[in-house]
Amino acid sequence: MKLTINGKPETVEGSQISVIELLSLKNVKMPDMVSVQLNGTILDRKQFGNAMVKDNDDVAFLYFMGGGSIKL
Amino acid sequence: MIHIPQPVFQGIAEHAAEKAPNEACGYLAGTGTSICDRYPMTNIDESETHFSFDPSEQFAALRWANASGYELIAIYHSHPATPARLSQEDISLANDPDIVYVVYSIPEKVIRGFRVSVHGETGEKLVEPVETHILPV
């Protein structure tokens, strides 16, 4: 299937795949630390195992970004 | 190595000064190792010692980068009162192996970049400095 992942066209094997499987394919080792947007909707992390990505879907994922200046 | 044009560096410094004493943060975007522009982000922690990006704003930044023909190469945040190096908390919360983590220190007026990866066997976080060059106008 053809997907748009983070704004770029990509081809992924199969007719559909769960978000968590797609994150694994994209080598995301800590899926709890990413936010996923599927066709413009930000998913709850609890949906990652059930939400299916299909042909022509637009998926974006970005890591949580945060930190602090204590404990230098 | 990353290259930051002087006007972008100046923008980071001004953003840091504007938000002080709170931490300022944002994305740096460009192509390859060359930063071309920055995308200031809201620090939803509104804190002097912490920062967090707003996820919905992150996706807006990604759309902006794609529309501009850029990649999101780095993130930056300011240390209002401490040196330009990653804190333990910065390291523990750094999970993207593909991005450069840039810190700007207000007292030092210095910017430094780092890459953070996870050791495959031990799970330990590895921090490597990334040469950060400011390009004169």
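Visitor: How many residues does the contact take from chain A and from chain B?
Guide: Chain A contributes 22 residues and chain B contributes 33 residues, where contact means heavy atoms within 4.5 Å. This is a predicted model, in which local features need pLDDT of at least 70 and side-chain atom pairs count only at pLDDT 80 or more, while totals for chains, interfaces and linings use all residues. Residues are numbered from 1 along each chain as its sequence is written, chains are lettered from A and ligands numbered from 1 in the order in which they are written, and side-chain values use heavy atoms, with hydrogens and water left out.

Visitor: What area is buried between chain A and chain B?
Guide: It is about 2,400 Å², and carbon and sulfur atoms give 63% of that. Buried area is the accessible area (1.4 Å probe) that two parts lose on being put together, summed over both.

Visitor: And how many salt bridges does the rule find across the interface?
Guide: The rule finds one across the interface of chain A and chain B. A salt bridge is a side-chain nitrogen of Lys or Arg within 4 Å of a carboxyl oxygen of Asp or Glu.

Visitor: Which side chains meet in it?
Guide: They are those of B:Glu71 and A:Lys8, at 3.2 Å from N to O.

Visitor: Which strands of chain A supply residues to the side that touches chain B?
Guide: Strand S4 (34–38), strand S7 (58–63) and strand S8 (66–68) each supply at least two residues. Strands (E, at least two residues) and helices (H or I, at least four) are DSSP runs, numbered from the N terminus. S7(A) gives the most, with four residues. By class, this side of chain A has 12 nonpolar, eight polar and two charged residues. Here Ala, Val, Leu, Ile, Met, Phe, Trp, Tyr, Cys and Pro count as nonpolar, Asp, Glu, Lys and Arg as charged, and the others, Gly among them, as polar.

Visitor: How many salt bridges are there over all chains?
Guide: The count comes to four. One of them joins the side chains of A:Glu10 and A:Lys26, at 2.9 Å from N to O. The pair links distant parts of the chain, 16 residues apart: A:Glu10 lies in strand S2 (residues 8–11), and A:Lys26 in the loop between helix H1 (19–25) and S4 of chain A.

Visitor: What is the relative accessible area of A:Glu10, and what is that of A:Lys26?
Guide: A:Glu10 has 27% and is partly exposed; A:Lys26 has 29% and is also partly exposed. Buried means under 20% relative accessible area, exposed over 50%, and partly exposed in between (1.4 Å probe, protein chains only).

Visitor: Which residue forms a salt bridge with B:Arg112?
Guide: B:Glu108 does, with the closest N and O atoms 3.4 Å apart. B:Arg112 is partly exposed at 37%, and B:Glu108 is partly exposed at 35%.

Visitor: Changing topic: how many helices and strands are there in chain A?
Guide: Chain A has one helix and eight strands. From the N terminus on, the elements run β-β-β-α-β-β-β-β-β. Of the 72 residues of chain A, 44% count as buried.

Visitor: And in chain B, how many residues does helix H1 have?
Guide: Helix H1 (residues 6–19) of chain B has 14 residues. From first C-alpha to last, H1(B) reaches 20 Å, close to the 20 Å expected at 1.5 Å a residue. The expected span is 1.5 Å times one less than the number of residues.

Visitor: Which residues in H1(B) are buried?
Guide: They are B:Val8, B:Phe9, B:Gly11, B:Ile12, B:Ala13, B:His15 and B:Ala16. An α-helix has 3.6 residues a turn, so residues three or four places apart point the same way.
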